Amino acid sequence: MKLGRNDPCSCGSGKKYKNCCLGKEAFHLPYSLEPTPDELNLLGALFNTGRYVELENWARSLLKLYPDAGIVWKLLGLSLQMQGKDALTALQKSAQLLPNDAEAHGNLAAALRARGQLEAAVASGLRALQIRPDFAEAYVNLGVALQDLGQLDEAVASYRRALQIKPDFVEALNNLGGALKELGQLDDAVASYRRALDIKPDFAKAHSNLGVVLRELGQHSGEKECYHRALEIDPACSEAMLGLGQLCMASGEMAEAEILFRKALEIKPDDLETRLLLAQVNKVKAGDENLAALVAVADAARRSKSPLPYKKAIFMHFALGKCLDDIGDYDHAFPHFIEGCKLKRATFAYDAEQTTLHFRNIIQIFNQATMKRLQGGGDPSRLPVFVLGMPRSGTTLVEQIIASHPDAHGAGELPDLMEIAQRDVAGTGALFPDNIPALDQSGLSIWAADYVAGLQRCAPDAKRITDKMPANFLAIGLIHMMLPNAKIIHVNRNPVDTCLSCFMQLFSNGQEYSYDLSELGRYYVDYARLMAHWRRVLPAGAFLDVQYEDIVADQAAQARRMIDFCGLDWNDACIDFHESKRSIHTASVTQVRQPIYNSSVERWRPYAKFLGPLLDALGDLAPKWS
């Protein structure tokens with residue numbers, strides 16, 4: 001936590017620590033005049049009673065008499081903050097004049113973070129903690145700045161330190177939940193939010209944040225309850241409005257979603273996540289006010305000396321990319337996707353080589369000998385229908401067609417299969433696929449029964465239930481052995497279109513390979529290699545290959561083919577899939593609310609000049625499409 005000589009000075013001057021306040025902390029310069037105790041008591045009373053306008057006026061008057069009174073600058077800064085005014089200059093002055101005042105540096109840290117000066121905010125936070133190591137609030141402010149910088153592990157550590165000092169610190173628990181969510185530690189995030197609500201049941205934002213995590217866990221009824229509870233407590237809780245708006249989108253209620261997003265924008269006009277969601281509700285047209293607002297934000301960011309915090313910048317770039325793509329301004333759209341993906345990619349570690357090795361390991365372990373050894377285990381249920389493939393390849397469309405059948409239920413993207421596949425079979429800690437050599441037929445049957453039982457709970461009366469987790473393609477061999485009578489539908493799409501669609505999508509979590517064109521192309525090659533392996537080692541007909549472009553060209557024929565493969569009688573509802581009222585919680589939620597359209601075929605061509613790294617990585621998979 002020690003400030004280095006070359007770090008930004010904690011006073012906010014912009015200078016290096018060694019060239020600014022280093023060496024000045026040990027003493028105060030003597031002031032020619034100091035406010036009297038009565039004058040200071042008056043300022044304190046005004047602050048404590050919330051009379052911030054009067055406090056500002058009195059502080060400014062006193063500073064004419066005592067220009068070097070750090071405590072007056074500090075109270076002036078706080079009065080300005082509480083009024084929503086620019087307090088940075090006053091807080092910088094207070095930190096300079098009160099170099100050993102932890103609160104002065106902590107207040108400055110918060111102001112710097114609000115201005116997007118994140119590294120300087122971290123420096124000020126560290127200075128506050130040098131002075132006062134048990135300053136829990138400073139640890140929370142430091143954690144927020146670190147989180148804004150994408151340093152999530154460090155942010156978690158800072159929040160946890162605050163909680164060691166102050167275990168019932170609800171803001172620390174709430175912020176910890178957010179950082180854990182970003183790290184993908186969803187169960188821990190839920191626990192953190194629930195702890196905050198045990199202490200403070202009327203904490204509206206924690207209710208809303210809990211709803212977001214429950215959404216990612218697929219617990220949508222609980223999610224909705226959280227948003228409604230948040231709005232009962234605080235009718236202006238914009239985060240809860242966003243959550244309800246996304247639930248409306250999932251149910252096809254686009255007009256209601258738009259109303260909620262616009263209402264949230266009235267409360268927080270500068271919220272860029274809301275602007276991205278608003279851009280996704282409907283196709284954008286030229287002259288769209290949301291696009292104009294986003295352009296204004298981008299122009300202001302270019303002129304500003306302080307960059308936008310990375311999360312805001314990511315939302316802005318993806319929103320602008322989507323809007324400009326909708327109006328056909330491809331040359332300006334794609335640079336925004338490139339920049340948004342670059343910022344997103346910087347927030348996590350991803351090793352493409354390790355991914356390739358993982359795929360190769362699956363291929364080596366699932367050989368003919370393994371398939372023969374495990375044959376005869378599993379569960380004979382005909383209930384499951386797996387729809388899998390690359391994300392953005394058409395899996396949501398295929399599931400929607402099947403789930404429109406009255407005897408079928410669409411369960412969406414279930415994590416169940418891969419969670420079961422990760423079980424430690426031999427007590428060695430081995431995960432999939434390294435645990436498979438220790439798995440026997442008896443264990444395989446237990447896995448299968450557990451999976452089927454979970455699926456049945458989704459819709460007890462359905463004859464077929466779809467599981468549309470795209471990444472289940474990693475375990476097609478395991479599925480075939482676990483559930484020999486299950487139906488597996490593999491959806492394929494033009495590789496370049498698939499990868500482009502991934503690159504242009506800001507996923508709520510996962511898909512780390514998709515934010516760099518070269519890494520994305522490499523992942524697709526790994527995927528294609530694994531699919532070729534499944535075709536070699538599994539019997540003919542073990543899964544059905546469906547081509548997205550064939551569905552677009554002849555929906556009726558392909559729909560009948562899929563329904564017949566699932567062992568169901570034909571029903572015309574499968575043609576009118578877009579009229580289904582089922583909730584859809586995937587990135588394709590808006591597309592499958594419309595009849596089949598062909599504008600997504602050869603989608604990549606207007607962007608061809610940008611796609612060199614992707615085409616190079618795809619290698620032999622690209623030429624036949626280009």
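The model is predicted. The count of aromatic pairs comes to 16. Helices α4 and α5 pack with their axes 9 Å apart.

**Aromatic pairs**

- A pair of aromatic rings is described by the distance of the centres and the angle of the planes.
- In the pair F359 and Y523, the ring centres are 5.4 Å apart. The planes stand at 85 degrees, so this pair is edge-to-face; the cut-off for that class is over 60 degrees.
- F359 belongs to helix α19, residues 352-365. Y523 belongs to helix α26, residues 517-537. The pair therefore ties together parts that are 164 residues apart in sequence.
- Both residues of this pair, F359 and Y523, are buried.
- One aromatic cluster is formed by F318, Y330, F334, F337, F503, Y607 and F610.

**Charges over rings**

- R132 lies over the face of F135. Its distance from the ring centre is 4.2 Å.
- R493 lies over the face of Y548. Here the distance from the ring centre is 5.0 Å.

**Packing of α4 and α5**

- Helix α4 spans residues 88-97, and helix α5 spans residues 102-114.
- The two helices pack at an angle of about 150 degrees. Angles over 145 degrees count as roughly antiparallel, so α4 and α5 are roughly antiparallel to each other.
- The α4 and α5 crossing is left-handed.
- From α4, the residues at the meeting are L88, L91, Q92, S94 and A95. From α5, they are A104, H105, N107, L108, A111 and L112.

**L91, a residue of α4**

- L91 sits in helix α4. Its relative accessibility is 0%, so L91 counts as buried.
- Which residues is L91 in contact with, leaving aside neighbours within four places in sequence? They are K74, G77, L78, Q81, N107, L108 and A111.
- L91 and A196 are 105 residues apart in sequence. In space they are 30 Å apart, C-alpha to C-alpha.

**D516, a loop residue**

- Where is D516 found? D516 is in the loop between α25 (495-503) and α26.
- Its relative accessibility is 30%, so D516 counts as partly exposed.
- D516 and R345 are 171 residues apart in sequence. Their C-alpha atoms are 7.2 Å apart in space.

How values were computed: Residues are numbered from 1 along each chain as its sequence is written. This is a predicted model: local features need pLDDT of at least 70, side-chain atom pairs count only at pLDDT 80 or more; totals for chains, interfaces and linings use all residues. Side-chain values use heavy atoms; hydrogens and water are left out. Rings of Phe, Tyr and Trp (its six-membered ring) pair if their centres lie within 6.5 Å; planes under 30 degrees apart count as stacked, over 60 as edge-to-face and the rest as tilted. Helices (H or I, at least four residues) and strands (E, at least two) are DSSP runs, numbered from the N terminus. Buried means under 20% relative accessible area, exposed over 50%, partly exposed in between (1.4 Å probe, protein chains only). A charge sits over a ring if NZ of Lys or CZ of Arg is within 6 Å of the ring centre and within 35 degrees of the ring normal. Axes are lines fitted to C-alpha atoms, for helices over the stretch in contact, and angles run from 0 to 180 degrees between N-to-C directions. Angles under 35 degrees count as roughly parallel, over 145 as roughly antiparallel, 65 to 115 as roughly perpendicular and the rest as oblique. A crossing is left-handed if the near helix is turned anticlockwise from the far one by less than a right angle, and right-handed if clockwise. Contact means heavy atoms within 4.5 Å.
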